[in-house]
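Look at the structure first, then work through the points below.

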Amino acid sequence: MAKHYRPTKPTDPRVLTAQLVRRTGVSPNLVRVTLGGPGLEHFTPLGYDQWFRMFLPREGQDQLRLPSRTSGLWYAQYLTTPKSARPLVRNYTVRAFRAAGESGGPELDIDFVLHDEHAGPAGTWAAEAPIGSEVGILDQGLSFDPAHGAEHVVIVADESGLPAALGVLASLPRDARVEAFIEIPGVEDEQPIELGERMRVHWLPRADAHAKPGELALETLRAAALPSGRGYAFVVGEQSLPVGARRHLVNEAGWDKSDVTFVGYWRQGAAYMG
Ligand SMILES: Cc1cc2nc3c(=O)[nH]c(=O)nc-3n(C[C@H](O)[C@H](O)[C@H](O)COP(=O)(O)OP(=O)(O)OC[C@H]3O[C@@H](n4cnc5c(N)ncnc54)[C@H](O)[C@@H]3O)c2cc1C
């Protein structure tokens, strides 16, 4: 058992440029965007829930303005730059990476949730940007702790965490014991995945299209009989889901705080920074 959780961080963080090479429909509420270009030759895939900052041109900017600082310093630079001169920034998960893809060079897939009702700039970019559009990406490594060493893993996610949940399931050793609770807008948003014998995925399609994402996953977790033995939980999605799940696991189920990684991926009614 790892004594101290240390997120896995990239060893050589730098802002890379990439171009939109393809857009593929995955399911009614998810679109896959494939990035390519020589900039990705410097990208190191780590599997699991590997995520990155994605920099996009802001409305009215005719070219992409990228931070010149990397590691944690990009953010200070970002904040001190006037808004009109900053790029937009959002966070996304590596759905897949191929060193040599269909385009001949490296390719990185991202699965975007299409949230039409309150479409934000990143969702709109994913749905509409012309092929060839340029973005910047800054690898942030993993939030999941592969070295935790628990006897079993519990994954809880809404659709924004679906790419992370599937990445973790695909990266864990095949004999890992896993219960995954994945909430999706509808049954057609399920995705095929190869599972080890002791891995179970509970797909949770929302019955009510107006229900808040994450509520069903949280309710299901609260009612679930989890395996015995020391577990490690990874909970991501709309802010109330990770917060509520951690509270349940720690306060009601008696888990140690250090056995729960929880990350708010978005917040209902609030745009991500600037
Ligand atoms: C580590 C990490 C990894 C992530 N990976 C992914 C990923 O692989 N795929 C993915 O789709 N998202 C992912 N997200 C979530 C994504 O960053 C946010 O959903 C982001 O806010 C979308 O930006 P936007 O410009 O479309 O909307 P914003 O401008 O941020 O928000 C505009 C409006 O849309 C609403 N909104 C934002 N996201 C959603 C949503 N998912 N469903 C419904 N309404 C929403 C907001 O509440 C707001 O009202 C990840 C987040 C984190 C922190």
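This is a predicted model. Its ligand sits in the largest pocket. A shell of 24 residues surrounds the ligand. The points below take the setting, the contacts and the make-up of that shell in turn.

**Closest residues**
- Five residues come closest to the ligand: Arg90, Asn91, Val113, Arg267 and Tyr272.

**Backbone contacts**
- Arg267 has a polar backbone atom 2.7 Å from an oxygen atom of the ligand.
- Asn91 places a backbone N or O atom 2.8 Å from a ligand oxygen atom.
- Ala270 also has a backbone N or O atom by a ligand oxygen atom, at 3.4 Å.
- On its own, the ligand would expose 910 Å². The protein buries 92% of that area.

**Where the shell comes from**
- Strands E4 (88-93), E6 (107-113) and E12 (260-266) each supply at least two shell residues.
- Helix H2 (121-128) likewise supplies at least two.
- Which element gives the most to the shell around the ligand? Strand E4 does, with four residues.
- Two domains take part: domain 1 (16-141) and domain 2 (152-266) each provide at least three shell residues.

**What the shell is made of**
- Sorted by class, the shell has 12 nonpolar residues.
- Another nine shell residues are polar, and three are charged.

**To recap**

Terms used
Residues numbered from 1 in each chain as written. Predicted model: local features only at pLDDT ≥ 70, side-chain atom pairs only at ≥ 80, totals over all residues. Heavy atoms only, no water. Near = heavy atom within 4 Å. Polar contact = N/O pair within 3.5 Å; in protein donor to acceptor, adjacent residues only side chain to side chain. Areas by Shrake-Rupley, 256 points an atom, 1.4 Å probe, with all protein chains shown as cover. 1 Å grid on protein atoms, 1.4 Å probe; cavity = no way out; pocket = protein on both sides within 12 Å on 5 of 7 lines; lining within 4 Å. Sits in = over half its atoms within 2 Å of the grid points. Nonpolar A, V, L, I, M, F, W, Y, C, P; charged D, E, K, R; others polar. Domains from an automatic or database assignment.
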